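Subject: Handover of a structure and the findings from it

Dear colleague,

Please find below the sequence and the structure that I am handing over to you. My findings follow directly after them.

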Amino acid sequence: MPTAKRPSKKRAPVDFLVGGVNSPVRNFRAVNDAPIIVKRAAGPWLFDDRNRRYVDFIMGWGALLLGHNPPVVVEGLLEALKRGELFGLTHANESRLARSIVNWVPSVEQVRFTVSGSEACMTAVRLARAYTGRSTVLAFDGCYHGHGDSLMIGSAGVPANWASSLVRAPLNNLKEVERLVLQHAADLACVIVEPVAANIGVIPPSRGFLEALRTLTRKVGALLVFDEVVTGFRLGNGSAQKVYGTAADLTTLGKVIGGGLPIGAVGGPRGIMERLSPCGDVYHGGTFAGHPLSMAAGVAALEELQKNPPYDRLRALADQLSDGIKTQAEKAGVAVQVNCVGSMLTVFFTEKPVVDAASARATSRKRFAHWTRALRAAGILIPPSPFEALFLSAAHSEKHVAQFLEASARAFRGLRRVAA
Ligand code: PMP
């Protein structure tokens, strides 16, 4: 047994955290930069421990569609806190939030709240397996569905036989998907997909891709699960399912529906959802599921989104940013592809269109890192990885986009000399 070492008091506080973080991408290693220690945030800004101010385009990895601490959410939270921080029993805001989701996502009749998006996806897959009586799951290379064992590839510690029930297909490659679905038809419980991929950078579905998944899954009696943890309530009223006109059997949500607090949800038709305990035989529970503070923040956020939908304005801002970056890149003689869907986008340093994980991985990480570091030095903070989405929020305005583009113009200078 190794003996426990007494930590030295001289070590930096983050030294007591594994890798200095609680989620890997926060360490900025992918862009060869130092991590940021945040002191506070407000509206579109983050302030670090040296009081440097950044316009934030990480926005809680997409959770903060209204920006940092919007007054409506803060008020909702303070009110909720006065009523009690945890009940451990059902309360009114749970059904208020569930009703908003049911109203916004046509394929959802009932909702079960979880504490994270990972847990929502784990629960959706468990439900799909129980409902179909099958075990194989087909997911897409580059999509992320949280860190549950049955959806995790590329991590040590997942038993090989678990990983073998997860089949991976390339995004936007219908021929290959069809082949794999038919090959595994007899044991296929579900196909799970991010309708717009956001975890290998933003990759939209090719025309007809989601409809084809719908047809194929129906044909073999498997469920179609849309992981809308990122896209849910970000792409507009009704989420990706309405935008792309394809309904899922099960939908997972998270991020935006919690107004910045920890949350996840799985939803679908009553006939499937009622397989969950206590109605059915599929277990899910949690001390913090339906947490009063998360529910209050979510109710406030979704009410605000309904009252003052920011979607058209954000789409226009994102287009402005995307067009500006493309023009700058062209001027600088640096090849980029900007994949932009609604209020999220990724800048890929490559000449070729990015349509799947392979084309995303073939982009220049060096140029991305160089550009990202230069943006940060100019007070613009974007996700420190070439495989993440940059998020706009209702707290951003044309002024912040102009600030971004000013910093970016400088960041592009000299980039041609950085090897692709
Ligand atoms: N699904 C998707 C599409 C995600 O982007 C994420 C998180 N980035 C998750 C699931 C997992 O959510 P959480 O981090 O809340 O566990």
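**Cavities, pocket and ligand**

The largest share of the lining of the second largest cavity, 3 residues, comes from β12. Please note that this is a predicted model.

The second largest cavity has a volume of about 50 Å³. Its lining consists of L345, T346, V347, F368, W371, I382, P383, S385, E388 and L390. By type, the lining residues of the second largest cavity are 7 nonpolar, 2 polar and 1 charged.

In total, the structure holds 4 cavities of 30 Å³ or more.

The volume of the largest cavity is about 60 Å³. Around the largest cavity lie the lining residues A63, L64, L65, L66, G67, P70, V73, V256, G259, G260, A301 and L305. Which domains supply at least three residues each to the lining of the largest cavity? They are domain 1 (13–65 + 310–417) and domain 2 (71–307). Of the residues that line the largest cavity, 9 are nonpolar and 3 are polar, while no charged residue takes part.

The element that gives the most is β4, with 4 residues. The lining of the second largest pocket divides into 12 nonpolar, 12 polar and 4 charged residues.

The ligand deserves a separate paragraph. Which residues are found around the ligand? They are S116, G117, S118, Y144, H145, G146, E194, N199, D227, V229, V230 and K255. This shell is made up of 3 nonpolar, 6 polar and 3 charged residues. Among the residues of the shell, S118 places a polar side-chain atom 2.6 Å from an oxygen atom of the ligand. In the case of G117, a backbone N or O atom lies 2.9 Å from an oxygen atom of the ligand. For K255, a polar side-chain atom is 3.0 Å from a nitrogen atom of the ligand. How much of the 390 Å² that the ligand exposes when taken alone does the protein bury? The protein buries 82% of that area.

Finally, two details of the backbone may be of interest to you. Is the peptide bond from S277 to P278 cis or trans? This bond is cis, with omega near 10°. P278 belongs to the loop between α8 (270–273) and α9 (292–307). The other detail concerns N69, which has a positive phi of about 30° although N69 is not a glycine. N69 sits in the loop between β3 (53–56) and α1 (71–83).

With kind regards

Definitions and conventions: Residues are numbered from 1 along each chain as its sequence is written. This is a predicted model: local features need pLDDT of at least 70, side-chain atom pairs count only at pLDDT 80 or more; totals for chains, interfaces and linings use all residues. Side-chain values use heavy atoms; hydrogens and water are left out. Helices (H or I, at least four residues) and strands (E, at least two) are DSSP runs, numbered from the N terminus. Ala, Val, Leu, Ile, Met, Phe, Trp, Tyr, Cys and Pro count as nonpolar, Asp, Glu, Lys and Arg as charged, and the others, Gly among them, as polar. On a 1 Å grid over the protein atoms alone, a cavity is a set of points where a 1.4 Å probe fits but cannot get out, and a pocket is an open set with protein on both sides within 12 Å along at least five of seven lines; lining residues have an atom within 4 Å of a point. Grid points are joined across faces, edges and corners, and a volume is the space filled by probe spheres set on the points. Domain bounds come from an automatic or database domain assignment. A residue is near a molecule or strand if one of its heavy atoms lies within 4 Å of it. A polar contact is a pair of N or O atoms within 3.5 Å; within protein, one must be able to donate a hydrogen and the other to accept it, and residues adjacent in sequence count only if both atoms are side-chain atoms. Accessible areas come from the Shrake-Rupley method with a 1.4 Å probe; for residues, only the protein chains shown count as cover.
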